[in-house]
Amino acid sequence: MERLLAGGRDGPEALAELIPVALAATRTGQTQRAAAVPAGGPAATSAAVAALGPLLPADGIGAQAALREFTTAFVAGSVDPAEPWCAAHLHGPPLAVAAVADLVISAVNPSMDSWDQAPIASALERTLTAELAALCFPNAPAPDALITSGGTESNQIALLLAREHAGGSVTPICGANAHHSIARAAWLLGLPQPIVVDCVDERIRLDALSAALAEVTGPAVVVATAGTTNAGAIDPLPAIADLARAHNARLHVDAAYGGSLLFSPTNAALLDGLDRADTVGMDLHKLGWQPIPAGVLISADAADLAPLGISADYLNAEDDLEAGMPDLLGRSLRTSRRADAFRIAVSLRASGRSGLAALIDRCLANALDVAEAVDAHAELRLWRTPTLTTVLFRPTLADRLGPVAGDDLVADLRRRLLDSGRAVLGRARVANSDGTDSRWLKLTLLNPAVSVADYLPLLDLVAATAAEVRS
């Protein structure tokens with residue numbers, strides 16, 4: 001009889017039978033794709049799914065056959081962020097140890113909403129969040145952190161805490177560089193629409209922020225960004241903290257992208273002022289090489305997290321708490337959630353701070369090298385020297401065509417590379433000094449196993465494709 005369950009005494013044997021099937025199918029799928037992205041666009045991937053047949057047939061085909069068929073199609077039809085030319089988004093290749101640890105989580109399947117469902121996982125999460133909180137707020141007497149699903153949830157909780165701290169409502173103030181989840185969180189929480197202040201080179205203008213704070217009546221929360229989605233820019237955190245304190249406003253820093261620099265002695269200074277925030281969000285599925293999700297919200301004061309507390313007798317009964325069983329419900333907005341802290345902890349233990357720092361520093365160095373290569377290319381133009389790992393550039397041909405036609409060319413050549421399966425480049429719209437904006441191509445370099453040599457042919461391909469699109 002086929003072993004069905006991943007857990008129990010026979011679970012390891014069931015996994016041992018199926019894992020080789022999945023790995024072999026993964027290799028097959030990779031050879032079928034042969035590049036960073038499947039060619040043919042949405043129509044091709046829809047056709048690949050249709051070719052698999054009904055997902056709920058009258059009779060199943062068995063675990064090995066289903067795993068083989070679907071894994072092959074899934075890998076062949078997916079982008080691979082480990083491919084150098086798959087560099088559009090903040091979507092990095094996970095560490096192998098993290099991916100295997102993720103399998104362990106799935107097999108054991110703890111649920112992080114009560115201690116009796118996740119005994120050691122809850123203790124491990126508490127230890128991990130305490131260490132990350134101390135890393136972010138080394139001088140705070142009682143910092144704390146929560147595991148989240150990523151920057152969007154972290155930003156939502158941060159605004160929720162700001163609202164509760166203010167006693168009912170709070171006005172968010174953010175830069176035009178802020179993540180879209182800030183406005184969405186304000187909407188979900190019934191807060192006023194965020195006041196959006198101007199930026200220069202993707203960084204908040206301090207005079208604009210000062211003016212906005214001066215006009216707000218009532219409590220405010222300033223949202224700064226340490227690693228913008230568009231360009232990887234970092235707001236002037238010390239000066240923003242000064243302004244927030246001068247106006248008695250809370251400060252949240254969305255460091256989903258840049259927060260991992262805390263692990264790097266070489267680059268941590270880019271985050272100076274971060275420890276003056278009330279809350280900080282960071283994502284370890286970016287410059288932490290974790291499978292998605294791996295978000296963290298860090299608070300300078302554990303007491304600020306109290307509004308998240310909630311009671312449900314079947315999960316955190318008062319007598320159980322009095323008997324010493326930990327309360328997990330106030331550790332998240334979610335009820336059922338995976339033990340994501342386990343694979344984060346495994347990865348940190350495996351690499352150590354020095355190992356993570358080496359990966360981070362290598363990616364930042366790669367970005368500088370690629371930017372230098374762009375700057376030296378006769379047919380490409382660099383936007384700015386990168387702060388993190390994002391390189392913005394565009395063909396000089398786009399500049400010569402004028403604003404509208406140039407932007408269209410950038411968009412068209414990106415889609416042409418994507419549809420052909422050759423490369424996955426991102427896109428970003430960035431403000432110009434004259435008040436207009438322009439469309440740029442984006443390389444988000446999160447692969448520490450590559451070098452600038454892997455991107456030189458891509459730069460030539462972009463220039464050649466621009467000429468093809470124009471002709």
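**Close-up views of a predicted model**

**View 1. Helices H1 and H3 are roughly parallel to each other, because angles under 35 degrees count as roughly parallel and their axes cross at roughly 30°.** The model is predicted. H1 covers residues 11-33, and H3 covers residues 63-76. Their axes come within 7 Å. The crossing of H1 and H3 is right-handed. By class, this contact has eight nonpolar, eight polar and three charged residues.

**View 2. Residues of H1 meet residues of H3.** On the H1 side, the residues in contact include Glu17, Leu18, Val21, Ala22 and Ala25. Further along H1, Thr26, Thr28, Gly29, Gln30, Gln32 and Arg33 also take part. H3 brings Ala63, Gln64, Leu67, Arg68, Thr71, Thr72, Val75 and Ala76.

**View 3. The largest pocket holds about 1200 Å³ of space.** Its lining has 32 residues. Thr26, Phe74, Val75, Pro94 and Ala99 lie nearest the centre. H1, H3 and helix H4 (96-108) each supply at least two lining residues. H1 gives the most, with eight residues. By class, the lining of the largest pocket divides into 20 nonpolar, nine polar and three charged residues.

**View 4. The second largest pocket holds about 440 Å³ of space.** It is lined by 20 residues. Closest to its centre are Cys199, Val200, Asp201, Ala431 and Asn432. Strands supply part of this lining: S4 (199-200), S12 (426-431) and S13 (437-444) each give at least two residues. S12 has the largest share, three residues. The lining of the second largest pocket has seven nonpolar, five polar and eight charged residues.

**View 5. The largest cavity has a volume of about 70 Å³.** The structure holds two cavities of 30 Å³ or more. For the largest cavity, the lining has 14 residues. Pro81, Cys86, Ala87, Thr444 and Leu446 lie nearest its centre. Eight residues of this lining are nonpolar, five are polar and one is charged.

**View 6. The second largest cavity has a volume of about 40 Å³.** Its lining includes Ala231 and Trp383. Arg384, Thr385 and Pro386 are also among the lining residues. Thr390, Val391 and Leu392 line this cavity too. By class, the lining of the second largest cavity divides into five nonpolar, two polar and one charged.

Terms used
Residues are numbered from 1 along each chain as its sequence is written. This is a predicted model: local features need pLDDT of at least 70, side-chain atom pairs count only at pLDDT 80 or more; totals for chains, interfaces and linings use all residues. Side-chain values use heavy atoms; hydrogens and water are left out. Axes are lines fitted to C-alpha atoms, for helices over the stretch in contact, and angles run from 0 to 180 degrees between N-to-C directions. Helices (H or I, at least four residues) and strands (E, at least two) are DSSP runs, numbered from the N terminus. Angles under 35 degrees count as roughly parallel, over 145 as roughly antiparallel, 65 to 115 as roughly perpendicular and the rest as oblique. A crossing is left-handed if the near helix is turned anticlockwise from the far one by less than a right angle, and right-handed if clockwise. Contact means heavy atoms within 4.5 Å. Ala, Val, Leu, Ile, Met, Phe, Trp, Tyr, Cys and Pro count as nonpolar, Asp, Glu, Lys and Arg as charged, and the others, Gly among them, as polar. On a 1 Å grid over the protein atoms alone, a cavity is a set of points where a 1.4 Å probe fits but cannot get out, and a pocket is an open set with protein on both sides within 12 Å along at least five of seven lines; lining residues have an atom within 4 Å of a point. Grid points are joined across faces, edges and corners, and a volume is the space filled by probe spheres set on the points.
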